[in-house]
Amino acid sequence: MRIKSKWLGILLTMGLVLAACSPSSGDETTTTEGEATATTEGSTDTTEGSTDTTEGSTEIATDVGVDLEAGTIDIGLLSDLSGGFAGLVTPIVTGHEVYWESVNADGGIEGLTVNLNIQDTGYVVDNHVQKYEEMKDSVVALGHSTGSPHTVAINDQLQEDGILAIPLTWYSGWTDPALNANLLHHGSSYCVEAQNVIQWLTEQMEDISTIGIVSVGGDYGLDSAAGAVLAAEGLGLEVVVDLAGGISDEASILAAADQIAEASPDLVWMTLIPSITSALFGQALANGYQGIWAGAGPSFSPAFVAPDSPIKDAVTASMYFGFYLEGWTGTSAGTEAAKELLLGAGRDIAPFDYYLEGVLEAEMMHQILQAAYDAGDMTQAGVLKAAKAFEDMGFDGLGPNESFVGDPNAQLQRETWVMKPDPDGLVAGTSGGAAIAEAAYVGSLVEAFDFTGACYVLGS
Amino acid sequence: MRGRPLLYTSYQGDQALMNTTPKKILLGLFLLLLVTIPFQLIPSISFMGENDWLKLLSLAAIYAIGALGLNILTGLAGQVSLGHAFFMGLGAYTAAWLGAPPGPLAGLGLPMWIWLPAAGIVASLVGLAVGPTAVRVRGLYLAFVTLGLVFIGEYVWRNWTWLTGGTQSGREFPEFELRIWKEEEPLIDFSSDGSWFGIELTGEAKTYFLMLALLVAFVLFAKNIQRTRVGRAFQSIRDRDIAAEIMGVNEVKYKLQAFAISSFFAGVSGALLASFVGRTIPERWNLFLSVLFIAIVLIGGAGVVTGTLLGASFVILLPRIVEDVTEWLTEYVVEGTGIFVWLADLVVVSGPDDWGIINISQGFGPGLSVALFNQVIYGLLIIGFLIFEPLGLYGIWLRIRNYWKGWPFTY
Amino acid sequence: MIPELLILAQETADPSRFANMVVDGLSLGTIYALLAVGFVIIFKATQVLNFAHGALAALGAFFVASYATIVDIPGRWMPDSPDWLVWALAVLIALITMALLGAALERVFLRPMVGEELFALAIITLGLDIVLRSITNDFIAPLDRPMGDPFGLGILDLGWVTIPHTQILQMIVAVVAVTAIAFFFRSRMGIAMRATAFDQEAARAQGISVGRVFSLSWAIGAVLAAIAGIFISVFPRRAAGVGPSTAFFAFAAFPAIIIGGLDSVVGAIVGGLIVGLAEAGASSYLRFEFLGTGFGGVVPWLLMMVILLVRPYGLFGTEEIRRV
C-alpha cells in the first residue's frame with residue numbers, strides 16, 4: 001500500500017501540473033475568454049451565416065464582445081442554475097438558447113452569430129460579482145442578471161464600466177433614474193405587483209380585512225413586502241403578521257407558520273424561494289391555517305401542483321401569485337410564436353411560463369442589438385445607448401410593451417397578470433402549472449401610484 | 001562547514017529558518033519568481049501573469065494567511081477548531097465598520113493602517129474570550145463548540161443588518177487604499193491601474209504584491225512562533241498535555257494564546273478576503289468556509305507552514321484548473337481532432353443522443369452540468385488526496401525530496 | 001423587557017399552544033434523534049465523524065421519491081394493490097439500496113484509511129458529502145420531488161392540538177427503530193459491534209471480522225439517515241418533497257449529537273429530543289423583536305455550549321481517561 005500510494009501521489013501531482021500546463025488552457029486565457037465557453041451548440045452549426053458581414057463592417061464601431069471579422073456577438077448571462085431559483089432560471093436560460101439558435105439559423109443579426117456566455121452564480125452575491133468581473137471584458141451586454149440584491153451589487157460597477165444589463169428581477173428600483181442608468185426594467189415590479197394582486201383579491205373576495213406579510217431578506221423580499229404594506233394602507237387592511245425579511249432558516253419557517261396559524265390573517269402575502277414556500281405553506285396548513293395565500297411570482301413552483309404533490313388541492317384552492325407576462329396559457333401572437341419556437345426546437349421542453357421569460361429577454365436583446373447595428377455603434381456604450389432610446393418596445397403580446405424614455409411615472413410598468421395554479425393543465429400539457437386568473441390587471445392603487453423612488457432601499 | 005549542511009556549530013545556526021545554503025538559494029529564487037509573475041517573463045508560466053490568474057494567486061495568499069492561523073491552532077497546538085469562519089467574519093465586519101465610507105450602513109471611513117490591524121485585534125480578543133472553553137472541553141467536542149460559534153455568528157450577522165446589510169444583500173467592504181487620514185486621494189492605491197516607480201501595473205498586480213508582502217510577513221511570524229518557547233509549548237500541549245502541565249507548561253495560558261494568535265490571523269484574513277471580493281453576504285461566513293480551511297491545513301500537511309502554503313495553493317487553484325480542463329475537453333469535442341477526441345467524446349455530452357459525464361447544454365439531458373462536474377471532481381480529489389497521502393502535499397514533497405536526497409541510493 | 005415577560009407568561013399558560021409546541025418539538029426531535037443515532041453508531045464503530053450524513057438522508061429520500069413516483073417500482077407490477085402497500089414496499093427497497101450504498105461507501109472510501117488520523121477521516125467524509133450532494137442535486141433538479149406518500153394532508157385534529165399523520169408515523173417509526181437497535185445490540189452481530197467499538201484490536205483477536213462490523217455500521221447509519229430524510233421531505237415539513245435543501249437539515253442535528261455525547265446511542269436519542277423541543281419552544285415562545293429572525297435555530301447551539309461547560313463529554317458520553 002505504501003509504495004503504491006507514493007507513486008499514486010506523485011502521479012496525481014504530475015497530472016495536475018500537466019493539466020495546468022496543457023496547451024489550450026495556457027492559450028485560452030490570453031485570447032477571448034468568454035467566447036468559446038458553454039452552449040456553443042448554436043454557433044457550431046451556423047457559422048455559414050457569418051461570411052457576409054463585410055458590407056457594413058467599416059461603418060460599425062465595436063469594442064468588446066462584437067467581432068465583425070469572426071462574425072460573432074457575445075452576450076453574457078449571469079444565471080442561477082444551482083441555487084434557490086434554479087428551477088425557474090434554468091428554463092429561462094433554455095429559452096434564450098432556443099431563441100438565439102433559431103435567430104442564428106436565419107443568419108443571425110445582419111449575419112452576425114450570437115453566442116451566449118452562461119455563468120452560474122448559484123444565487124450567491126459573491127459569485128455574481130465575481131462572474132461579472134470575469135465576463136465584463138468579453139461580452140457586449142448582459143442578457144440577464146439574476147437576483148435583485150445581486151444586480152444591485154454590480155450596479156455601480158455596471159455604470160462605471162458602461163455596460164447594459166437586463167435584470168432578471170422585478171425590483172422597483174429599476175424604474176428609478178438614480179439607479180437604472182444601465183438597467184432595463186421589464187414587467188411590473190414587486191412593489192407594483194403586490195399592490196395589484198392584493199387589490200384584485202380584495203375585489204374578488206369580499207371578506208379580506210387582515211393581512212400577514214412574510215418574506216425573505218434582501219431587495220427581493222423587502223421590496224415586495226413594502227408593496228404589500230402600501231396595499232394594506234391603501235385598502236385599509238390590518239397587518240396582523242409582519243415578518244418582512246423574517247424568513248431565513250428552518251426555525252424561522254416554523255416560527256412563521258405558528259404565527260400565521262395563530263393570528264389567522266385572511267390573506268398572507270409571501271415573497272419567498274419555492275422550497276421555503278412549500279415548507280411554510282405545509283406547516284401553516286398543518287397548524288390549521290385556512291386563509292388565502294398570494295405572493296410574488298418567483299415564490300411559486302409547479303412542483304406544488306404536480307400530480308403526486310400532497311398539497312396540490314390545497315394550493316389550487318388557496319394560492320394566487322403575480323406574473324410579469326402572459327405565460328404559457330396566453331393567446332397573443334407573440335406568445336403563440338414563442339411556444340411554437342420552443343416546442344419545435346428538438347429539446348425536451350414541457351410547458352412552463354419561464355421559458356417564455358427567456359424568449360422575452362432574448363427578444364429585448366435582439367431588438368436592442370439590431371438598433372445598435374442600425375445606428376452603427378455596437379460598442380458596449382453604443383448598445384446601452386440604443387437600448388435606452390426605446391420609447392415603445394413591443395413583443396406582440398408576449399409581454400407588456402416597455403418604454404425606457406421619459407419620466408419614471410410614464411415608464412413605470414403597471415400591468416400585472418394574476419395567476420392561479422393549474423394542476424389539470426400541467427397534466428394535460430396545456431400550461432406550466434399556472435393559468436391566468438386576470439390578464440394585464442391595473443388596480444386603482446397602482447393607477448394612482450406616484451413613483452418617487454424604489455419602494456425599498458438598503459439601509460432604510 | 002562546507003559539504004556538511006546538517007552540521008550546526010551554533011544555536012543560531014540550528015534554529016535558523018534558512019539553515020542550509022540550498023534552502024537559502026531556492027527560497028531566494030522562488031521569491032524572485034513570485035515577484036516577477038505579473039511581468040510575465042517566463043514563457044511557460046506566463047499565463048499566470050494574466051489578471052484573472054493574479055486574482056487567484058492573491059486569493060490563495062489570503063486563504064494562506066487564514067490557514068496559517070488555523071495551522072498554529074490545530075496543527076501546532078492540537079486544538080481542533082471549526083470556528084475559523086466566525087473569526088474571519090468578525091475581522092471582516094470590524095474592518096467594514098472602521099474602514100468603509102459612511103453611508104446607509106455602518107462605516108467610519110478610517111484608513112487601512114487602522115482597519116486591517118484592528119480586524120485582527122478584535123478577532124483576537126474574541127478568541128481570547130472563547131479560549132477558556134477550550135480548556136474545559138477536549139478533542140472533537142471542542143470542534144463542535146467552535147462550530148457552534150459559526151452558527152451563532154451567522155445568526156448575529158443575519159440580524160445586525162445595520163452592519164452587514166442583511167441576508168441576501170450584503171454590503172461593500174473598504175478598498176485596498178493606503179491613506180494617512182481620510183484624504184481625498186489615497187497615498188497608495190492598490191486596486192486601480194497605475195504606475196509604481198515608473199512601471200505600469202494593473203490593479204490586480206498591485207493587489208497581488210500587497211498580498212504577497214502580507215503573506216511573507218505572516219509566514220515569518222508563523223515560522224518564528226514554531227521555533228520559540230511559545231511554539232514549543234504549543235507542541236507539547238498537542239502531544240502530551242498532562243506531561244506538559246507537569247513540566248510547568250501552563251495549559252490555560254498557552255491555549256488562550258493559541259486561540260488569540262489564530263484568531264488574529266483569521267481576522268486579518270477575513271478582512272482581506274471581504275475587501276478583495278468587494279461585496280459579500282453574511283451567509284458567506286459559514287461552516288463550509290471553516291471546513292475549507294481545515295481541508296487546506298490537512299491537505300497541505302498539518303503543523304507545517306510550507307504544507308499550509310501548498311495546501312492553500314492547491315485548494316484555491318484547483319477549481320480553476322478543473323474548469324480549464326473541462327473547457328479544454330469540451331473544445332476538443334467541438335473541434336474534433338487529435339487523439340484526445342475519443343476521451344473527450346466519452347466524457348462530454350454534446351448532443352441530445354450522446355452519452356457522457358459532462359453536459360454542456362442547459363437542456364435536461366444526461367450527465368452533470370459543468371459546474372456540478374467541477375464540484376464532484378473537487379470532492380473526489382480531496383478524498384483521493386487524503387486516502388493516498390495522509391501527510392498531505394508536504395508529505396509528497398518530503399518523499400520527493402528524500403528520494404533525491406538519497407539518490408542514487410534511494411532504496 | 002417587562003411587558004415581554006408578562007406576555008410570555010401569559011402565552012405559556014395557553015395549553016393548546018403548549019401542546020402544539022410539544023408536538024412540533026417531538027416531531028422535530030425524533031428526526032434529529034434518528035440522524036443522531038445513525039451518526040453515533042457510525043462514530044462508535046468506526047471512529048469516523050460522518051459529515052456526509054445529511055447527504056445520505058437526502059439521497060435516501062430521493063431514492064424513495066424515485067421508486068415511488070419516478071421509476072414506479074414496485075408499483076408498476078402491482079397496479080391493483082392499495083397505495084400504502086406499494087409505498088411501503090418502495091420505501092423498503094429504498095432502504096435496502098441505502099444500506100448497500102452505505103456499506104459500499106465505507107468499503108471504498110474509508111477502509112483504506114483505517115488507523116489514520118481522525119480529522120483526516122472527517123475531511124474525507126466531507127469530500128464525500130460534496131460529491132453525494134452534487135450528484136443527488138443533479139438528479140433532483142430543477143424542481144423538488146414529491147415523496148408519493150399515501151398520507152397526503154392527513155391531520156389528526158383533537159381540538160386542542162393538531163398532529164399531522166406523518167408525524168404520528170414518525171414517532172412510531174422512531175420508537176420501532178430504537179427498539180430494533182436495542183435488540184440488535186444484544187444480538188451476536190450487535191455484540192461484535194460493541195466489542196469493536198470498545199477495542200478494535202481485542203475484538204479482532206477474538207475473531208470478530210472488524211471489516212464486516214464497519215460495513216454493517218455504515219449500512220445501519222445510512223438506513224437511519226434515509227428514514228430521517230423521508231420524514232424531512234413529507235408534508236408538512238417540506239410539502240413539495242426532497243430538494244437541494246434537504247441535505248442541510250442534518251447540520252441542525254449536530255448539537256443533539258454533542259449534547260448526548262459522541263459515543264452514546266442513548267445520549268443521541270435524548271439529545272435529539274432535547275434539541276427538538278428547545279428549537280420548537282424557542283420558535284414558539286421567544287418571538288421578541290430584539291431577537292430578530294432565526295433565533296430558534298441558534299438555541300440548540302447555545303444549549304450545547306452550556307451543557308458542555310457543565311459536562312464536557314456530553315450528557316452520556318464516556319469521559320476520556322487521560323494518561324501521561
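## The sheet of chain A

In this predicted model, chain A holds an open sheet of seven strands. The strand order is E8-E7-E9-E10-E11-E13-E14, and the pairing is mixed. From one strand to the next, the twist averages 20°.

Which strands stand at the edges? They are E8 (238-247) and E14 (434-441) of chain A. Each has a single partner strand, so one side of each is left without a neighbour in the sheet.

E14(A) pairs with strand E13 (residues 416-421) of chain A. The sense is antiparallel, and the pair is joined over five bridges. Within this region, Pro421(A) has Ala434(A) of E14(A) as its bridge partner.

Helix H9 (residues 218-235) of chain A packs on the sheet.

## Two domains in chain B

The domain assignment of chain B gives domain 1 (49-303) and domain 2 (323-405). Their contact takes five residues from domain 1 of chain B and eight residues from domain 2 of chain B. The domain 1 side divides into three nonpolar, two polar and no charged residues.

## Where chain B meets chain C

Chain B has 36 residues in contact with 38 residues of chain C. On the chain B side, these elements give two or more residues: helix H5 (112-136), helix H6 (139-159), helix H10 (241-246), H12 and helix H15 (370-388) of chain B.

Which element gives the largest share of that side? H6(B) does, with eleven residues. By class, the side of chain B that touches chain C has 27 nonpolar, five polar and four charged residues.

## The H12(B)-H5(C) pair

One helix pair links these two chains: H12 (residues 287-300) of chain B packs with H5 (residues 118-140) of chain C. The angle is about 125°, and the axes lie 10 Å apart. Are the helices oblique or perpendicular? An angle from 65 to 115 degrees would count as roughly perpendicular, and one over 145 as roughly antiparallel. H12(B) and H5(C) are therefore oblique to each other. The crossing of H12(B) past H5(C) is left-handed.

Which residues meet here? H12(B) brings Val291(B), Ile294(B), Ala295(B) and Leu298(B). H5(C) brings Phe119(C), Ala120(C), Ile123(C) and Leu126(C). By class, this helix contact has eight nonpolar residues, with no polar and no charged ones.

Conventions:
Residues are numbered from 1 along each chain as its sequence is written. Chains are lettered from A and ligands numbered from 1 in the order in which they are written. This is a predicted model: local features need pLDDT of at least 70, side-chain atom pairs count only at pLDDT 80 or more; totals for chains, interfaces and linings use all residues. Axes are lines fitted to C-alpha atoms, for helices over the stretch in contact, and angles run from 0 to 180 degrees between N-to-C directions. Helices (H or I, at least four residues) and strands (E, at least two) are DSSP runs, numbered from the N terminus. Angles under 35 degrees count as roughly parallel, over 145 as roughly antiparallel, 65 to 115 as roughly perpendicular and the rest as oblique. A crossing is left-handed if the near helix is turned anticlockwise from the far one by less than a right angle, and right-handed if clockwise. Two residues are in contact if their C-beta atoms, placed from the backbone, lie within 7 Å. Ala, Val, Leu, Ile, Met, Phe, Trp, Tyr, Cys and Pro count as nonpolar, Asp, Glu, Lys and Arg as charged, and the others, Gly among them, as polar. Domain bounds come from an automatic or database domain assignment. Two strands pair if DSSP finds at least two bridges between them.
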